[in-house]
Amino acid sequence: MLLTAEQALHSFVESTKHYFKKETWANIRIEDAAVQLQYPFDSGICSWVKLTGLANGWVILSAPQEMVEVLLREKNRAVSEIDCREFMKEMAEAISENAKKDLGTDLNVEVVQQDGDHPNFSDDDELPVFVVPMVWRNHQANLVMLIENLSV
């Protein structure tokens with residue numbers, strides 16, 4: 001059984017909301033999702049989550065460096081580019097694990113932190129890209145999904 005787009009989006013969005021509420025004591029505002037035909041690559045610091053099993057594809061958490069620096073300062077942690085990247089990876093791991101608990105053990109998640117170019121998402125140029133803008137304290141981040149065998 002494949003995931004539906006609604007199930008996967010709902011689970012990752014809810015996991016993201018839960019993370020921000022727990023870690024920052026502040027709500028993150030979720031804006032209307034959009035379906036695009038390609039990934040918007042000018043999105044700041046990113047962590048890529050590789051999905052296999054129940055769905056094959058990627059979930060990308062992206063945020064501007066300024067937002068990540070604020071999050072690190074609130075946790076009294078060091079703020080450097082490396083610290084920001086590592087923190088984004090930690091955030092993606094926590095959100096992914098919560099989503100996996102919701103979606104079941106047939107979904108495998110692996111956070112892949114990459115510097116430079118994005119991973120090869122698919123050879124299919126028509127792969128839909130689901131972009132969910134999120135706003136936390138006037139900073140906009142994005143939750144992006146590219147799922148190859150997801151029923152839409």
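**The cavity and its surroundings**

The residues lining the largest cavity fall into eight nonpolar, one polar and no charged. In this classification Ala, Val, Leu, Ile, Met, Phe, Trp, Tyr, Cys and Pro are nonpolar, Asp, Glu, Lys and Arg are charged, and the others, Gly among them, are polar. The model is a predicted one, in which local features need pLDDT of at least 70, side-chain atom pairs count only at pLDDT 80 or more, and totals for chains, interfaces and linings use all residues. Residues are numbered from 1 along each chain as its sequence is written, and side-chain values use heavy atoms, with hydrogens and water left out.

Rolling a probe the size of a water molecule over the atoms shows where empty space is left. A cavity is a set of points, on a 1 Å grid over the protein atoms alone, where a 1.4 Å probe fits but cannot get out, and its lining residues have an atom within 4 Å of a point. Grid points are joined across faces, edges and corners, and the volume is the space filled by probe spheres set on the points. The count comes to one cavity of 30 Å³ or more, and the largest cavity holds about 40 Å³ of space. Its lining consists of Phe12, Val49, Val59, Ile60, Leu61, Ala92, Ile95, Ser96 and Leu143. Strand 4 and helix 3 are the elements that give two or more residues to this lining. Helices (H or I, at least four residues) and strands (E, at least two) are DSSP runs, numbered from the N terminus.

**The nonpolar cores**

A nonpolar core is a set of buried Ala, Val, Leu, Ile, Met, Phe, Trp, Tyr and Cys residues joined through side-chain atoms within 4.5 Å. Here buried means under 20% relative accessible area, exposed over 50%, and partly exposed in between, for a 1.4 Å probe and protein chains only. The largest nonpolar core has 39 residues, and Phe12, Phe20, Leu51, Val68, Met91 and Leu143 have the most contacts inside it. Two or more residues of this core come from each of helix 1, strand 3 (45–53), strand 4 (57–63), helix 2, helix 3 (81–103), strand 5 (107–112), strand 6 (129–136) and strand 7 (139–147). Helix 3 provides the largest share of this core, eight residues. Apart from this core lies another, of eight residues, among them Trp48, Trp58, Ile60 and Val129.

Individual residues show how these elements meet. Contact means heavy atoms within 4.5 Å. Not counting residues up to four places away in sequence, Leu51 touches Phe12, Asn56, Gly57, Val59, Leu107, Asn108, Val109 and Ile147. Thr16 belongs to helix 1 (residues 5–24) and is buried, with a relative accessible area of 0%. Beyond its neighbours within four places in sequence, Thr16 is in contact with Ile28, Ile95, Met134 and Leu143. Lys21 also has its place in helix 1, but counts as partly exposed because its relative accessibility is 43%. With neighbours within four places in sequence left aside, Lys21 is in contact with Ala26 and Asn27.

**The aromatic rings**

A pair of aromatic rings is described by the distance of the centres and the angle of the planes. Rings of Phe, Tyr and Trp (its six-membered ring) pair if their centres lie within 6.5 Å; planes under 30 degrees apart count as stacked, over 60 as edge-to-face and the rest as tilted. The count comes to two aromatic pairs. The rings of Tyr19 and Phe20 have centres 5.6 Å apart and planes at 80°, so this pair is edge-to-face. Those of Phe20 and Trp136 have centres 6.0 Å apart and planes at 50°, so this pair is tilted. Tyr19, Phe20 and Trp136 form one aromatic cluster. Phe20 counts as buried at 1% relative accessibility, and Trp136 at 0%.

**Helix 2 and the loops**

In helix 2 (residues 65–74), the residues Met67, Val68, Glu69, Leu71 and Leu72 are buried. Asn76 lies in the loop between helix 2 and helix 3 and has a positive phi of about 55°, although it is not a glycine. Asn76 counts as exposed, at 74% relative accessibility. Arg137, in the loop between strand 6 and strand 7, has a positive phi near 50° and is likewise a residue other than glycine. At 40% relative accessibility, Arg137 counts as partly exposed.

Conventions: On a 1 Å grid over the protein atoms alone, a cavity is a set of points where a 1.4 Å probe fits but cannot get out, and a pocket is an open set with protein on both sides within 12 Å along at least five of seven lines; lining residues have an atom within 4 Å of a point.
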